[in-house]
Amino acid sequence: MADRPAHIDPSRFAVHVASPRGFDQAYVREGAGGVPLVCVHGWPESKRIFWKVIEPLAAAGFEVIAPDLRGFGDSAVAPDGFHDVAAHARDVYALVHDVLGHERVVLLGGDLGGPVIQQLALWYPDWVDRMVLFNSPLPYLKDEMSGIDGTRAAREAADYFIRQGTDADVLAAELSTPEMRRRYIATFYSSRFWAHPGTFAGDGEVDFHTEPFGDAAHLRASFGGYASVFSDAARSEPATLARNPHTRTLILFGPSDHVLYPAYDRMAALVFPDHVGPFLLRDCGHFVPWEAPGPLVSGATAFCSDLLAATRG
């Protein structure tokens, strides 16, 4: 691994493991003693999606905590069989609050990580100081959003969502080898146009992000969030996407995203009335920490400048 560039070196950061919820959860923790910043990845991602931003965020004064959600990356598949938003949210809280002992945090996330941090902010409003949110599912506020064009994701991009949510076992069985599983995941970084064109053209970048999905059990577990949309049985408990007037939120949007709502920025501004932005990121799509690491780091640092100053003082 030593010959890999730093941004695609799996061993770049030390990986820790804790088991507060009955399975081994892996996480990276850099900058201990800084402002706790919990970075929650989406699908089809792992903690590796933050590899470009962990070091500069820690240098800015954050204690960066980037876990692998249950069934992703280096974390184990959960023995209770649930891999839904509520289960992920409970896991993150148990890790960061109960194990690491943080009584106040900043949350950062997009894609699946977006609903997870939104749920945490609704469940634990006194724990979540503020959020940095990008390219994430949002609640649909019928009255407020009725006049906004672009509040629905493109239907042609929904085939994977329906298949993973309603036919997960058959799909997983069809992807019968590590190579097939990784090729399937690779399409989300390339031909499905989630990212801005050319983003993952570098040698080894797609391999770096697809490697954790070569394992059959992990790939199948990663479909759990989609299954929970269609089936009550796939939900560990009810989860809620709802308007949040309490949590101050920095809203970022990579508009080259071909899977999310084109009006994500305007929608998010209504969901989070106490917001900064929304800011549109040039030549950026779905994978904001990878595609726009500089703006993400500088934005989060400015957004939390008062917290960072207090920690340094």
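Colleague: Is His41 buried or exposed?

Modeller: This is a predicted model, in which local features need pLDDT of at least 70, side-chain atom pairs count only at pLDDT 80 or more, and totals for chains, interfaces and linings use all residues. Residues are numbered from 1 along each chain as its sequence is written, and side-chain values use heavy atoms, leaving out hydrogens and water. Buried means under 20% relative accessible area, exposed over 50% and partly exposed in between (1.4 Å probe, protein chains only). With a relative accessible area of 0%, His41 is therefore buried.

Colleague: Which backbone oxygen does the side chain of His41 reach?

Modeller: Start in the loop between β3 (35–40) and α1 (54–59), where His41 is found. Beyond its neighbours within four places in sequence, His41 has contacts (heavy atoms within 4.5 Å) that include Phe50, Pro67 and Leu112. Its side chain also reaches a backbone oxygen at 3.5 Å, and that oxygen belongs to Glu45.

Colleague: Which side chain does His97 join in a polar contact?

Modeller: His97 is found in helix α2 (residues 85–99), and at 19% relative accessibility it counts as buried. Not counting residues up to four places away in sequence, it touches Val92, His102, Glu103 and Trp127. At 3.3 Å, the side chain that His97 joins in a polar contact is that of Glu103.

Colleague: What is the relative accessible area of Phe230?

Modeller: Look at helix α10 (residues 224–230), where Phe230 lies. Phe230 is partly exposed, because its relative accessible area is 41%.

Technical notes. Helix = DSSP H or I, 4+ residues; strand = E, 2+ residues; numbered from the N terminus. Polar contact = N/O pair within 3.5 Å; in protein donor to acceptor, adjacent residues only side chain to side chain.
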